Amino acid sequence: MKIDTKDFHVKPGSKVRLKDWPTICKPLCGSKEKYKEVLEQHVKELSSAQQLLYGSNTYALLLIFQGMDAAGKDGAIRHVMSGVNPQGCQVFSFKHPSAAELEHDFLWRTTRDLPARGRIGIFNRSYYEEVLIIRVHPELLHSEGIPDAPHDDKSVWRSRYRSIADMEKHLHANGTRIVKFFLHLSKEEQRKRFLERIEEPDKNWKFSVADIAERKFWKDYMKAFEECLGATSTKDSPWYVVPADDKENARLIVSQVVLDTLEDLKMAYPEVSEERRQELLAIRKELEK
């Protein structure tokens with residue numbers, strides 16, 4: 001089964017209208033059993049691809065997940081990356097910046113956690129929060145200590161888009177491949193998931209009163225996402241708008257995008273020199289005694 005990920009790709013320079021992008025699509029599998037079979041196959045292939053990524057030690061892969069609360073970011077990361085060797089993969093979740101982080105530029109705290117060559121880094125929320133939540137709540141700019149920080153000047157966001165694009169271009173030139181996912185959740189589906197978190201005791205910990213407060217800014221967030229996606233989806237660092245109302249579909253789409261990205265790298269394990277081959281043969285003879 002091959003999923004055509006082009007349907008979810010944000011073309012560079014395009015104007016994004018999220019109401020034109022579905023939050024749910026036709027099920028990719030006809031049954032729960034088939035879904036589990038396909039996801040298991042994807043996970044198996046990802047495990048092999050991650051080994052090759054580590055062995056070739058040429059590229060790094062950075063996966064960025066953004067979306068509204070309850071969009072399924074944690075679940076997608078957990079299910080899709082379940083077969084990947086933990087030694088070759090790290091997940092970072094970025095919440096409100098600490099006092100020390102606020103003393104630096106807005107890209108500093110995430111830059112520290114970029115993946116090394118041969119490894120996969122996952123950002124559950126990222127530096128994009130600086131053009132999303134900060135845009136919806138511009139008063140937060142004051143806490144960042146920016147000289148003469150404006151409240152809603154569009155030049156601030158254009159400048160930040162440019163900084164992000166420049167950084168991603170720099171990372172790509174140095175071997176880091178970046179793939180960005182916006183998990184596109186409907187407001188109604190979010191409401192249902194919030195109710196589940198309240199009604200099921202083992203999910204109560206996931207729910208916060210702040211989540212309800214942010215729902216009031218839904219339209220503002222959608223506008224911020226639209227401009228962000230259109231301004232920062234590039235050929236080398238693309239955005240994918242993933243319909244997130246169906247968690248199973250979303251996970252299959254994400255895993256297919258990651259597989260396609262790794263496959264496009266055309267990686268190979270390092271070639272063994274003749275000298276090294278002879279050394280290994282000598283070692284084998286010693287072990288066979």
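**Entry 1: the sheet**

In which sense do β1 and β3 pair, and over how many bridges? I looked it up: the pairing is parallel, and there are five bridges. A reminder to myself before going on: this is a predicted model.

Then I followed the strands across and got an open sheet of five, in the order β2-β3-β1-β4-β5, with parallel pairing. β2 (89-93) and β5 are at the edges; each has a single partner strand, so one side of each has no neighbour in the sheet. I also noted the twist, which averages 20 degrees from one strand to the next.

On the β2 side, five bridges join β2 and β3 in the parallel sense. Val-91 has Ile-122 as its bridge partner in β3.

**Entry 2: β4 and its partners**

I moved over to β4. With β1 it pairs in the parallel sense over eight bridges. I found Phe-65 opposite Phe-181 in β4, and Ile-64 opposite Lys-180.

**Entry 3: buried or exposed?**

I remembered a rule: in a regular strand the side chains alternate between the two faces of the sheet. That made me check both faces of β4. On one side I listed Thr-176, Ile-178, Lys-180, Phe-182 and His-184, and on the other Arg-177, Val-179, Phe-181 and Leu-183; all are buried. Nine of the nine residues of β4 are buried, so this strand is largely enclosed by the rest of the structure.

I did the check again for β3, where five of five residues are buried. Ile-120, Ile-122 and Asn-124 are on one face, with Gly-121 and Phe-123 on the other.

In soluble globular proteins, nonpolar side chains tend to be buried together. So I looked for cores here. The largest nonpolar core has 41 residues, and Leu-63, Phe-181 and Leu-262 have the most contacts inside it. Among the elements that give two or more residues to this core are α1 (32-56), β1 (60-67), β4 (176-184) and α10 (247-263). There is also a second, separate core of 35 residues, including Phe-92, Phe-182, Phe-225 and Val-241.

What does Leu-63 touch, leaving aside its neighbours within four places in sequence? Its contacts include Met-81, Ile-122, Val-179, Phe-181 and Val-258.

**Entry 4: the largest pocket**

The largest pocket holds about 1200 Å³. I counted off its lining as 41 residues, and those nearest the centre are Asp-69, Lys-73, Lys-95, Arg-125 and Asp-211. Which element gives the largest share of the lining? That is α2, with four residues. Other helices that supply at least two lining residues include α7 (187-199), α8 (209-215) and α9 (218-232).

Last, I picked His-142, in the loop between α5 (133-136) and α6 (154-173). His-142 is partly exposed, with a relative accessible area of 47%. I also looked up its separation from Glu-275, 133 residues apart along the chain: the two C-alpha atoms are separated by 61 Å.

Conventions
Residues numbered from 1 in each chain as written. Predicted model: local features only at pLDDT ≥ 70, side-chain atom pairs only at ≥ 80, totals over all residues. Heavy atoms only, no water. Core = buried A, V, L, I, M, F, W, Y, C linked by side-chain atoms within 4.5 Å. Buried < 20%, exposed > 50% of the residue type's maximum accessible area, 1.4 Å probe, protein only. Contact = heavy atoms within 4.5 Å. Pairing = 2+ DSSP bridges. Axes fitted to C-alpha atoms, helices over the stretch in contact; angles between N-to-C directions. 1 Å grid on protein atoms, 1.4 Å probe; cavity = no way out; pocket = protein on both sides within 12 Å on 5 of 7 lines; lining within 4 Å. Points joined across faces, edges and corners; volume = space filled by probe spheres on them.
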